[in-house]
Amino acid sequence: MMRKRAVSLLLAGVMTLGLAAGGLTGCGSSGNDGAEKVRLMVWSPSEDQSKDSGEWLQTCCEAFADAHPEWDITFVYGVMDEASAGEQVAQDPDASADVFMYANNSLEPMRNADALVRFGGKYRKQIEATNSQDVLDTLIMDDNLYGIPFTTNLWYMYYDKSVFSEKDIKNLDTMLEKGVVSFPFVNSWYLPAFYIGNGCTLFGEDGKDEAAGVDFGGENAVEVTNYLIDLAQNPNFKIDDLGSGIAGFRDGSINAMFSGSWDSNAVKEALGDNMGVAALPTYTLNGEEKQMYAYAGTKAIGVNTHSDYMVQAIELAIWLGNAESQRLHYELRQVVPCNTELLQEEDIQKDELVMAQNTTFSDTSIIQPLVNQMNNCWTPVENMGKGIRNGSVTHENAQEQTEQMNEAMNSDGIS
Amino acid sequence: MGIMKKKINEFPTPYTCRNAISKGGMETKLSMVLMGVGNIVHGQIVKGLIFLAAEVAYIAFMIAAGVSCIAMLPSLGSVEQEEVWNEALQIYEYTKGDQSILILLYGIASLLITFLMACTWVCSLRSAYKAECLAKEGRHVNSFVEDLKTLLHENLQRLLMTPPMIFIVAFTILPLIFMICMAFTNYSKIDSHLVLFDWVGLENFKTLFDSSSILGSTFWSVLGWTLVWAFFATFSNYIFGMIISLMINRKETRAKGFWRFCFVLSCAVPMFVSLLIMRTMLQPEGAINVLLRNLGLIASDASLPFFTDPTWARVTVIMINIWVGVPYTLLQLTGVLQNIPAELYEAAKVDGANAVQIFFKITLPYMLYVTTPYLISTFTGNVNNFNVIYLLSGGDPVTDMGATAGKTDLLVTWLYKLTVDKQYYNIGAVIGILTFIILAIGALFTYRRSKSYKEEGGF
Amino acid sequence: MTGKKIHSAKKRRFINNTIVHTVLAVLAVIWVFPIVWVILTSFRAEKGSYVSTFLPQSYTLDNYIRLFTDTSILNFPQMFMNTLFIAICSCILSTFYVLAASYCLSRLRFKLRKPYMNMAMILGLFPGFMSMIAVYFILKAIGLTEGNLIKLALIMVYSGGAALGFQIAKGFFDTIPLAVDEAALIDGCTRWQIFTKITLPLSKPIVVYTVLTSFMGPWLDFIFAKVICRANSDQYTIAIGLWRMLEKEYIDSWYTCFAAGAVLISIPIAALFLYMQRYYVDGLSGAVKG
């Protein structure tokens, strides 16, 4: 026991020394007297901080510091991509950044961990003034706003313009007659698009009614399952898994795929001028055209409830999400903006990718439900996709398997 | 040998705690309250002061943090974070709430420190009594320097074992007790008990043993496959490794080092890299299927269902595990094989036994005899073989839509899915405990019966 | 008669040898094949994680060059140095722990010996990652989850449980004749001197084996490192870096670099194996030769 104490004492000693050293160097950089000393930790993906892509975060933070001479701010940057930020912040909010970027699907876990600051009063008004209600809805739970959106986060369609015409891409089945289409069939972020298209719902109309549950059963869902079984057997349909879609674009064996902005550079490289981007097509189910709907989300800037400098953290978050920062983000890293004023500007209007992403968001997507029970909806759908691929789901048992999927989506898998 | 046969007390000593309390003198009895007094009285000043310092440090710790940590344990905290609107600043401000997970961890740590303190207390009492007895008998009482010197000789184990033990307690035992405790709470995403949770007793065990619940039925099927997997993974590796090892070590095999290197090379590539690459290669559109199609072995649109058919998937993971494991087995067995007494082989040859007979009559029994502990640890290692399954098949295929586990999921990968993906920490802990109980019973039973255990340690 | 017998025996031996060598060759190909594939991939000029052809269409060195020059997103050289540092430190610590514990359990008799051995066996049966969160919070409580102290934290985590894996080294020490110790004791050596001056020099193979196995750990672990490093990208180890290259955003452009990175970290390990193969085998056989 004594030894243990000795060890921790020693460590404490080492720590103090380290902190003292840190404090000393920190002092050297501080300039103006009388300003309140502020230490803000900011997390962003590494691309936002790298020299090669223009140090977006540092540029914006320094601009923020210049705009606020009343605060003497020391920034601490950490690398955390939006997808993992939610998990990390929820695990230990106390040791997480004051300001961080997160994908809105982790909103509920962070809220459960009491980690997300809610915006009210003048700040909320500011945010509401420059964003569309659809975008804001992705960050609102129980009428509380939890972040400043800076881009939409969803998938749409890339296609080869030399194979498909503007008219072809309106319908998936027309496309399948003309070329090879690849779809992430075994990924449950994509597959529900077909079910939602035929009237299946998740947690009520707005996706926020936990009590309403999931309706992925019944006749309309079985119809979709049957459609999917046929689709998987179509020789012109390829399952996109482990990067086979983009590889197919490269060697020309695939002419259309479904993905998001993260693949845009690779697609551009593979297709060059023939690259086309479009919102989701419809599919033909029993002679009727049904629209596919993607799960839509946003990436947002959040503030930690454990922050010691709440006002500064909120101001910084607003700053990082404002029109200038979004424009810089777009220029440096092609991050599609969502600020309504920015979207009206001419050069952004002309960008095909921005338009496809935003059309998909407003027309062919539903807001990905944020409720806790959404947690139960991923595995069963993935199992359905895999089952169809593996041939264990057939026309004979489609009814039964669809019901099972629906039941599983409504259960926590425990009882 | 003599010492080892006395099972009841191998290390008899008159300086026990009980004797100290009943027969000890005033200064020894005083040591019960003020640790180290007995030592100081008898001239062991530094040692006594160290005991005293330990006591003071402990009391200080308990007052500063320990008592409150332990006191919080039964409730696990109940203060929720509060939100206050600040009209002037137009922001919400937050008060600090309780975090059950930290309360649990610190509480356990405090209890552990108390336990260690109790051990120190016993030590100090014994040491005081010993010093008193020695002084009474007029024998030499060790000075502090002399005590330190014994650490290099008769008490060497204290010097050598203490540092590793500290780390084991801090990074293995403490987390383990913590994990076991989680099984008796409702720490889970269900009803969002991730910040504040409570004790629920045996509730989680009940759910698991209720075979009508999804969890219950999944558990038994996963357990069954886990045992089957561990058996095949262990013995396929063992036998295969032995055969390869025998082939390489035959007198007439040339370039032994080269062959060995070929097999061992696969150890050098990090396991997660080679497994992920295998996974990519074995996909329906992966390299292996493409190769087979190009060679005309399968139809041009067909693919072998490596991870998509339950039986195929199970065989595939076992086969790949052979690829992963045999090099290690090879290295471990080569040495043992070389140690098989040559006379045994000579005798068998004289009797006219052929190679196969020799293998089954001599090599295998000898190997089993020598390597039982190794086999047991490989078996338990395979039950907990997370990497191979998680990186290779990810538990696929799943045939039952509602199940949280696939057909190749082991208990440990299922546990990972439940804790990391679904955040059912309590259920994960229950499964961890049950896995452990099954393994512990099996392993200790086999191990204690094995000859190598019985003969171990006899001088 | 006898001549013919000898002849046929010779012939049979020849056939046997051919069969054994052929089987070995086939197996060796199977074993080496995925590694060759990794190496080929690391030289592949086409991008992407997925290829429809079996062999690369064209070859390049760019993947290796990029690994060391394109450091803005994933700083491979820094991760390499971090891992090397952690590996060396934790290797020294765990080697000491393992050898010390094994020696005590093999040579000394003390009250906690049997309980310790049973405890070690039991602790080995629990799945390690369940303790991940607890380990993180313990490290945080002693203040080791920020800045350069993370390295110390990782060293402690990797070497912490080392003394539980004493079985192989203990088995080796068991085979060293006791007479050696007794003679030294009569000569007035202390136990410590016996351990450092006699037992260890006699146990070169097992020392090498222990060094080798404990050196490899930090290169391979991708679970603990991630939990402990969190947002501190300057503390990342190789395994996290390689793992990140497989994320959705990176996999397409970084996959071939991933293979190159894998090859690079395999080279030192493979070289060590090659060099120490003899010791490794001897170490496990538990035999003292000569």
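**Chain B and its two partners**

Let me start with the contact between chain C and chain B, which takes 69 residues from chain C and 73 residues from chain B, and let me say at once that this is a predicted model. On the side of chain C that touches chain B, at least two residues each come from helix H1 (2–42), helix H3 (76–107), helix H4 (113–123), helix H5 (132–141), H6, helix H9 (191–202), helix H10 (204–220) and helix H13 (251–285). By class, the residues on that side of chain C divide into 51 nonpolar, 13 polar and five charged.

Within this contact I would like to look at one pair of helices. Helix H8 (residues 156–182) of chain B and helix H6 (residues 149–160) of chain C have axes that come within 9 Å and cross at roughly 95 degrees; the two helices are therefore roughly perpendicular to each other. The residues that meet are B:Phe167, B:Ile168, B:Ala170, B:Phe171 and B:Thr172 in H8(B), and C:Met156, C:Val157, C:Ser159 and C:Gly160 in H6(C), a set with six nonpolar, three polar and no charged residues.

Turning to the other partner, the contact between chain B and chain A takes 42 residues from chain B and 42 residues from chain A. Here helix H5 (45–72), strand S2 (91–94), helix H6 (100–136), H8 and helix H10 (214–249) of chain B each supply at least two residues of the side that touches chain A, and the residues of that side divide into 22 nonpolar, 14 polar and six charged.

Finally, chain B itself is assigned domain 1 (12–182) and domain 2 (203–455), and the C-alpha centres of these domains of chain B lie 43 Å apart.

Notes: Residues numbered from 1 in each chain as written. Chains lettered and ligands numbered in written order. Predicted model: local features only at pLDDT ≥ 70, side-chain atom pairs only at ≥ 80, totals over all residues. Axes fitted to C-alpha atoms, helices over the stretch in contact; angles between N-to-C directions. Helix = DSSP H or I, 4+ residues; strand = E, 2+ residues; numbered from the N terminus. Parallel < 35°, antiparallel > 145°, perpendicular 65-115°, else oblique. Contact = placed C-beta atoms within 7 Å. Nonpolar A, V, L, I, M, F, W, Y, C, P; charged D, E, K, R; others polar. Domains from an automatic or database assignment.
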